[in-house]
Amino acid sequence: MDPWLLVTIILGFAMAWAIGANDAANSMSTAVGAGAITPKQAVIIAGILEFTGAYFFGKSVTETIRKGILDPTKITDPNVLVYGSIAALLAATLWLLIATKFGMPVSTTHSIIGGIAGYGIVYAGTAIVNWGKMGQVVLSWILSPVIGGIMAYLIFKALTKSIFERKNPVRSARLWSPFWIGLAFVVIGTMFYIKVLHGKNLGTGVLMYGIPAGVAVFLITYLLIRLRFPISDPFIGVETIFRKAQVVTSGYVALAHGANDVANAIGPVAAVYAVATMGLTGMKVPVPRWILALGGLGIAVGVATYGYKVMETVGKKITELTNTRGFTIDFSAATVVLAASWLGLPVSTTHVVVGAVMGIGLARGVKAINRDIVRDIVISWFITVPVAGLISAAIFKILMMVG
Amino acid sequence: MQVWTKLFAKSPFKPLIKHSEVVLETVETLEKALRAWERGDYEEMRRLAIEVDRLEDVADRIKAEIRDSLSSKLMMAVAREDVLIYLHMQDKVADAAEDTAKWLLVKKPGTVPKEVRELIIQMGVESIKAAKLVHEAIVQMDRVIESGFSEKEIEKEYEIIHEIEGVENEIDGLDTELMQRVFEMADELSWGDGFYILNVARTLSNISDKAKDAAERIRLMMNR
């Protein structure tokens with residue numbers, strides 16, 4: 001095997017590991033924080049479902065250069081693609097590790113985009129960067145949290161209307177929580193049709209796979225959610241039901257995250273693999289299943305080894321998040337991410353989750369949110385692309401000199 | 001270090017309810033002191049009145065803690081000013097109770113005519129009822145937020161607020177009645193007794209006044 005390919009595979013795995021340690025753990029933090037699942041359970045759920053999402057729902061064809069951020073026709077030397085991919089992966093991994101150290105929920109997508117732009121600029125100057133695409137990325141800093149926020153706002157309003165405003169909130173919760181879970185499975189079923197069965201017609205997917213899956217899950221969940229304790233307070237009853245429901249939605253988040261973010265780790269690997277096996281290729285290259293599995297495995301290992309620690313801290317320290325809120329955040333974030341990944345929009349799971357938290361805050365659902373921390377998070381988003389770019393540029397320069 | 005743990009700040013409502021519990025204990029102790037006063041059990045009254053003073057100090061400390069923790073950088077379900085002003089009013093309820101306790105302590109009871117005594121007890125019980133309702137109101141406010149400001153819970157909160165306002169109205173009536181009585185009996189009473197009665201009555205009606213102000217602030221919290 002080409003030694004550079006081996007290096008890329010190792011780095012791709014490291015990147016996947018970092019994604020699991022930072023991003024996956026952050027995405028599942030709300031479920032752990034609301035006490036729906038323990039950190040141990042979170043690791044098991046994330047391990048299995050991140051892998052499932054990556055392996056089955058991950059893109060089977062990927063751009064040589066993530067999101068087409070560089071003009072591939074300007075890269076004539078296959079070595080540039082190899083060194084560049086390595087530099088980008090290493091830079092993104094390093095940045096994710098730094099961010100994880102400081103507990104900053106940064107976007108893995110943007111780390112890798114920054115890394116790619118960094119080596120591109122060193123190689124051929126700023127003209128090689130597709131600035132239109134870069135503009136889209138910048139736009140997504142604003143768009144991801146806004147869409148996540150609007151979604152969470154609306155779902156939270158619908159939740160309170162359908163449950164808390166009823167005469168018997170517990171009874172409504174027993175009916176409506178399976179409804180939302182069923183709805184999640186409509187999305188998952190449709191994604192299964194499109195991604196796994198490579199279906200083309202969205203209508204067929206929704207009707208033949210989405211809705212039947214949703215209805216089946218609705219019925220099963222409805223039968224499973226039975227409360228056998230004397231309910232003195234309807235609010236506690238509602239939260240108990242949603243604590244169970246949130247176990248499912250946290251899995252939904254893991255699945256969506258795996259599907260959306262695995263490409264960040266394995267995209268460059270697939271590119272180098274294509275160069276090694278077929279010489280320089282065009283805009284898009286196939287992704288062999290084993291590379292997808294590698295990415296999924298890396299994420300799962302990342303969650304298990306380091307993400308566990310992150311979630312354990314969160315579980316102990318967040319005490320103010322209730323299950324109806326956690327459920328809303330999970331459900332909105334996962335749905336937005338899956339829909340966006342299907343539409344090919346560059347959203348970041350992390351940004352959507354933070355946006356969802358803010359959305360519930362605006363709906364007056366959270367008693368207190370620290371604005372300072374929100375500011376810190378947003379700053380970390382803005383510096384991700386340039387910092388990953390600079391690290392990547394430096395590594396690329398060294399590789400070009402040595403190689 | 002972990003952002004998520006810092007993103008969700010501590011709810012101000014738990015300490016607010018804790019403060020309210022202390023205020024509740026303060027007025028309840030005052031109620032017992034008034035009963036002892038009515039019986040003429042001066043020793044017991046003295047002990048209870050001093051306890052009122054101590055509880056008011058506890059409430060003050062909690063108030064200061066809440067104020068320090070309510071940074072302007074929090075994004076809350078209710079306006080920060082409303083929380084702070086509410087806290088101020090809730091604390092004033094305890095202050096008013098302490099004022100009554102002070103007046104009870106300055107003079108031995110026994111020379112106050114029975115009918116005036118009964119009127120004062122009636123006022124006290126009613127006024128303290130308003131203070132107790134404030135505790136209910138803040139607990140209910142927590143539920144209003146928990147329910148995502150559902151109409152049903154807001155409705156319940158309004159009922160409590162209306163009740164507080166009703167009680168306060170009643171006290172105003174009793175207060176006027178008592179003042180008239182005191183001046184009708186001006187010849188039989190020493191100036192000291194008159195002064196004493198009027199001040200006990202004034203501080204007692206103050207409790208319900210502050211309770212009403214606190215309730216008003218809860219109304220504003222919901223109407224943002």
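This is a predicted model: local features need pLDDT of at least 70, side-chain atom pairs count only at pLDDT 80 or more; totals for chains, interfaces and linings use all residues.
Which residues of α7(A) are buried?

Helix α7 of chain A runs over residues 202-224. It has 23 residues. From its first C-alpha to its last, α7 reaches 31 Å, close to the 33 Å expected at 1.5 Å a residue. The helix also bends. The bend is about 35 degrees and sits at A:G210. A proline, A:P212, follows within four residues.

Now the answer. The buried residues in α7(A) are A:G205, A:Y209, A:G210, A:A213, A:G214, A:V217, A:F218 and A:T221. An α-helix has 3.6 residues a turn, so residues three or four places apart point the same way.

Next, turn to a pair of helices in chain A. Helix α3 covers residues 78-101, and helix α12 covers residues 371-402. They pack with their axes 8 Å apart. The angle between them is about 135 degrees. Angles over 145 degrees would count as roughly antiparallel, and 65 to 115 as roughly perpendicular. α3(A) and α12(A) are therefore oblique to each other. Their crossing is right-handed. On the α3(A) side, the contact is made by residues including A:Y83, A:I86, A:L90, A:A91, A:A92 and A:W95. On the α12(A) side, the residues include A:T384, A:A388, A:I391, A:I395, A:F396 and A:L399.

A:A92 is found in helix α3 of chain A. Is A:A92 buried or exposed? A residue needs 20 or more other C-beta atoms within 10 Å to be buried. A:A92 has 34 such neighbours, so it counts as buried. Not counting residues up to four places away in sequence, A:A92 touches A:M15, A:S111, A:I112, A:G115 and A:A388. A:A388 belongs to the α12(A) side of the helix contact. A:E320 is another matter: A:A92 and A:E320 are 33 Å apart in space, C-alpha to C-alpha, and 228 residues apart in sequence.

Finally, look at two loops. In chain A, A:R364 lies in the loop between α11 (349-362) and β3 (368-370). A:R364 is not a glycine, yet its phi is positive, at about 60 degrees. It has 18 other C-beta atoms within 10 Å, so A:R364 is partly exposed.

In chain B, B:F149 lies in the loop between α5 (114-146) and α6 (151-184). B:F149 is not a glycine either, and it has a positive phi of about 55 degrees. With 20 C-beta neighbours inside 10 Å, B:F149 counts as buried.

Key. Residues are numbered from 1 along each chain as its sequence is written. Chains are lettered from A and ligands numbered from 1 in the order in which they are written. The expected span of a helix is 1.5 Å times one less than its number of residues. The bend at a residue is the angle between axes fitted to the seven residues ending there and the seven starting there. A residue is buried if 20 or more other C-beta atoms lie within 10 Å of its own, exposed if 12 or fewer, and partly exposed in between; C-beta atoms are placed from the backbone. Axes are lines fitted to C-alpha atoms, for helices over the stretch in contact, and angles run from 0 to 180 degrees between N-to-C directions. Angles under 35 degrees count as roughly parallel, over 145 as roughly antiparallel, 65 to 115 as roughly perpendicular and the rest as oblique. A crossing is left-handed if the near helix is turned anticlockwise from the far one by less than a right angle, and right-handed if clockwise. Two residues are in contact if their C-beta atoms, placed from the backbone, lie within 7 Å.
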